[in-house]
Amino acid sequence: MAQMTMIQAITDALRVELKNDENVLVFGEDIGVNGGVFRATEGLQKEFGVDRVFDTPLAESGIGGLAIGLSLQGYRPVPEIQFFGFVYEVMDSISGQLARMSYRSGGVYNAPVTIRSPFGGGVHTPEMHSDSLESLMTAQPGLTVVVPSTPYDAKGLLISSIRNDNPVIFLEHLKLYRSFREEVPEEAYTIPLGKADVKREGKDLTIIAYGLMVHESLKAAEELEKEGHSVEVIDLRTIQPLDIETIIASVEKTGRAIVVQEAQKQAGIAANVVAEITERAILSLEAPVLRVAAPDTVYPFPQAEGVWLPNFKDVMETAKKVLTF
Amino acid sequence: MSKKNNNMFDPKQTLVEIEEKFEMFQILNEDGEIVNEQADPKLSDEELVELMTRMVYTRILDQRSISLNRQGRLGFYAPTAGQEASQLASHFALEKEDWILPGYRDVPQIVWHGLPLEKAFLFSRGHFVGNQVPEGVNVLAPQIIIGAQYIQTAGVALGLQKRGKKAVAVTYTGDGGSSQGDFYEGINFAGAFKSPAIFIVQNNQFAISTPRESQTAAKTLAQKGVAAGIPSILVDGMDALAVYVATRDARERAVNGEGPTLIETMCYRYGPHTMAGDDPTRYRTSDKDSEWALKDPLVRFRKYLEAKGLWDEAKEESVIERAKEEIKEAIKKADATPKQTVTQLMDNMYKGEMPSNLKEQYEIYKEKESK
Ligand SMILES: Cc1ncc(C[n+]2csc(CCOP(=O)(O)OP(=O)(O)O)c2C)c(N)n1
Ligand SMILES: [Mg+2]
């Protein structure tokens with residue numbers, strides 16, 4: 001076991017899979033000699049050669065198309081989109097092509113591609129670098145969408161994603177890259193996709209979150225505990241498909257729930273969760289299921305990030321409304 | 001099209017011939033001597049001094065911006081040293097009514113086109129007021145999405161043409177940017193519509209860490225214009241006179257209804273890619289840095305002007321002083337700008353009435369902000 005940050009755990013997962021399967025290829029903008037702009041691929045080109053780990057010309061749609069083509073030749077591409085804010089450049093490759101490969105070939109072809117990309121706010125990037133655009137991906141059938149919130153989860157989930165035979169979008173929150181370390185096994189291990197994780201147990205309220213908001217929710221839960229509320233926090237980990245079983249079991253136990261997302265309210269990850277709960281567990285509910293989300297504007301210019309991004313106080317405020325309903 | 005016997009057509013040879021045609025256009029050599037008498041634009045003394053002034057001023061602006069960033073007083077910043085001739089001599093060929101669609105590194109051009117310096121600083125700090133361009137200053141805020149500005153330029157140029165204006169739309173990207181689909185679409189659209197656009201590719205040899213050679217098999221980036229059917233030229237981007245002439249001629253063709261031009265300027269970025277943690281020693285050698293330092297655009301232009309008796313140390317000092325003073329003032333103004341709020345951003349989301357969801361949220365944030 002070693003203490004690793006999330007980015008180290010990601011590098012480690014890539015290394016393990018490059019070693020484990022000669023069909024794994026890692027590529028993208030500045031991921032070779034430079035090791036990626038966040039150093040997620042640090043040392044990989046040196047260890048595995050330019051044949052397996054290589055820079056591409058600057059074009060995201062090119063990277064997406066290349067991944068599809070390589071997968072048709074039996075490779076298992078793990079491309080990086082330097083920032084997920086640039087995903088619009090590669091939308092057709094992802095949603096129009098990659099997601100439909102199995103479907104439109106009647107199952108003859110599949111595309112075992114894992115697209116990694118950093119996203120998320122709170123680190124004062126220029127425009128188009130921090131947006132939470134995951135709902136663009138969850139809206140497209142054919143894609144699995146993963147958002148880890150801890151180093152341990154990141155490694156296990158990335159390995160599972162790479163080994164998965166279908167396209168996976170793997171989103172890495174910028175603020176979590178180096179925010180803390182934890183024990184991460186050095187060997188390969190997998191965490192099943194589509195499985196949520198109960199990060200904290202409780203019996204009065206369920207908070208459902210993913211990405212950075214898991215940590216804001218845990219912080220809120222701690223504060224609420226001091227005020228005598230026992231709060232359960234579920235980390236979705238995979239936002240498409242949702243782990244309905246874990247969510248419903250928890251809500252049936254607590255009778256109250258809120259859903260927290262960093263994305264704008266109109267981007268509907270939380271809305272999906274709320275709908276699933278009301279469809280399946282309305283009779284267990286003691287209060288309406290509320291959402292905590294960012295407001296419906298474009299991601300703010302960095303100077304206004306602090307107020308715009310949901311934080312643990314917003315989570316507490318909404319939690320109290322539900323607890324005292 | 002004339003037909004040729006297929007057996008006689010040699011695709012490889014054709015490519016070689018096209019590529020060889022793209023020789024680098026130069027007027028002023030590294031020693032500050034005119035080596036291309038015929039092409040000398042014969043700028044007036046005042047014009048020469050003004051161009052030098054702008055380059056010196058901008059070098060200081062770059063140095064100050066870097067140190068202000070290090071002190072935490074500026075945010076996002078992409079260094080410009082080494083690219084002064086490419087940026088400012090191309091801008092020098094423009095008129096006030098021309099439009100500029102810059103990339104993130106092209107702040108100097110829009111400042112010299114009329115954007116107040118404090119706005120450039122506010123842009124760097126991530127404040128929307130920095131993007132609020134004053135009336136009559138025909139520029140967009142620097143583009144972050146590489147390539148987006150290229151297609152929009154085709155649109156602005158077509159609009160200028162349809163309105164019957166004698167003006168051009170000018171845009172900039174880098175060597176890396178020339179790999180984007182948007183780049184090809186932009187030059188192709190402008191070519192197809194024969195619209196008055198100038199597309200400048202500042203080839204500073206690297207796209208973050210990726211060397212120019214890894215971007216494309218094409219020997220020059222200028223030759224990409226051939227496929228779009230538009231005039232194209234490879235220019236010594238460290239030579240202010242050559243950049244000026246290439247842009248001036250492109251502008252003249254454009255306003256005369258002859259369509260767009262693609263200009264590749266060969267230059268170098270001395271500093272890091274941006275101030276957000278880039279380390280150039282990971283991907284380029286100091287030998288390469290020194291090799292390019294010898295070609296410095298300011299050094300050679302200074303020599304040229306000194307030989308003409310138009311420039312001396314005192315002049316240089318006074319420009320430096322003026323730059324420092326104006327930068328200090330602009331920072332003060334930027335500091336005095338009220339912090340932006342989320343409700344302001346909400347106000348700016350739509351022209352006219354807000355949609356109902358946002359209206360509701362507006363009240364919530366107004367309340368939050370009042371605390
Ligand atoms: C669509 C898009 N992809 C990637 C990036 C990230 N990025 C910012 S600058 C850069 C390199 C650009 O190189 P070049 O075009 O040569 O311009 P230079 O920075 O050298 O001036 C990259 C990859 C971006 N801003 N937009
Ligand atoms: Mg470049």
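# Chat about a predicted two-chain model

Visitor: Which residues is B:Ser195 in contact with, leaving aside its neighbours within four places in sequence?
Guide: B:Ser195 is in contact with B:Ala154, B:Ala157, B:Leu158, B:Gln161, B:Ala190, B:Gly259 and B:Pro260, once neighbours within four places in sequence are left aside. Keep in mind that this is a predicted model.

Visitor: Where does B:Ser195 lie?
Guide: In chain B, B:Ser195 lies in the loop between α7 and β3 (197-203).

Visitor: Buried or exposed, that B:Ser195?
Guide: Buried: B:Ser195 has a relative accessible area of 0%, and buried means under 20%.

Visitor: B:Pro260 came up. How far is its C-alpha from that of B:Pro272?
Guide: The two C-alpha atoms are separated by 32 Å, with B:Pro272 and B:Pro260 twelve residues apart along the chain.

Visitor: And where is B:Pro272 found?
Guide: B:Pro272 is in the loop between β7 (261-266) and α11 (286-293) of chain B. Its relative accessible area is 15%, so B:Pro272 is buried.

Visitor: What does B:Pro272 touch, not counting residues up to four places away in sequence?
Guide: Not counting those, B:Pro272 touches B:Pro79, B:Arg105, B:Asp278 and B:Pro280.

Visitor: Switching to the metal. Which residues coordinate the magnesium ion (ligand 2)?
Guide: B:Asp175 through OD, B:Asn204 through OD1 and B:Phe206 through O coordinate the magnesium ion (ligand 2), at 2.0 to 2.1 Å. Water is not among the atoms, so sites may look incomplete.

Visitor: How are the donor residues spaced in sequence?
Guide: The spacing for the magnesium ion (ligand 2) is D-x28-N-x1-F. The pair B:Asp175 and B:Phe206 links distant parts of the chain, 31 residues apart. B:Asp175 is in the loop between β2 (169-174) and α7 (181-193) of chain B, and B:Phe206 is in strand β4 (residues 206-207).

Visitor: Is B:Asp175 buried or exposed? What about B:Phe206, buried or exposed?
Guide: B:Asp175 is buried, at 1% relative accessible area. B:Phe206 is buried too, at 6% relative accessibility.

Visitor: Next, B:Val156. Which helix is that in?
Guide: B:Val156 is in helix α6 (residues 148-162) of chain B. With a relative accessible area of 22%, B:Val156 is partly exposed. Not counting residues up to four places away in sequence, B:Val156 touches B:Trp99, B:Leu101 and B:Ala169.

Visitor: How far apart are the C-alpha atoms of B:Val156 and B:His91?
Guide: They are separated by 17 Å, and the two residues are 65 residues apart along the chain.

Visitor: On to the interface. How many residues of chain A are in contact with chain B?
Guide: 35 residues of chain A are in contact with 35 residues of chain B. The chains bury about 3,000 Å² between them, with 55% of it on carbon and sulfur atoms.

Visitor: Which residues in chain A lose the most area to chain B?
Guide: A:Leu58, A:Phe301 and A:Gln303, which together make up 23% of what that side buries.

Visitor: How many salt bridges across the interface of chain A and chain B?
Guide: The rule finds two. Separately, A:Glu42 forms a salt bridge with B:Arg282, where the closest N and O atoms are 3.0 Å apart.

Visitor: Last topic, the surface. Which residues form a nonpolar patch?
Guide: A:Leu72, A:Val108 and A:Tyr109 form one on the surface, with about 300 Å² of accessible area together. A:Tyr109 sits in the loop between α5 (101-104) and β5 (114-119) of chain A. A:Tyr109 counts as partly exposed because its relative accessibility is 45%.

Technical notes
Residues are numbered from 1 along each chain as its sequence is written. Chains are lettered from A and ligands numbered from 1 in the order in which they are written. This is a predicted model: local features need pLDDT of at least 70, side-chain atom pairs count only at pLDDT 80 or more; totals for chains, interfaces and linings use all residues. Side-chain values use heavy atoms; hydrogens and water are left out. Patches are made of residues with over 30% relative accessible area and no salt bridge: like charges are joined within 9 Å, nonpolar side chains (Val, Leu, Ile, Met, Phe, Trp, Tyr) within 5 Å. Accessible areas come from the Shrake-Rupley method with a 1.4 Å probe; for residues, only the protein chains shown count as cover. A salt bridge is a side-chain nitrogen of Lys or Arg within 4 Å of a carboxyl oxygen of Asp or Glu. Helices (H or I, at least four residues) and strands (E, at least two) are DSSP runs, numbered from the N terminus. Buried means under 20% relative accessible area, exposed over 50%, partly exposed in between (1.4 Å probe, protein chains only). Donors are N, O and S atoms within 2.8 Å of the metal (3.2 Å for Na, K and Ca); water is not among the atoms, so sites may look incomplete. Contact means heavy atoms within 4.5 Å. Buried area is the accessible area (1.4 Å probe) that two parts lose on being put together, summed over both.
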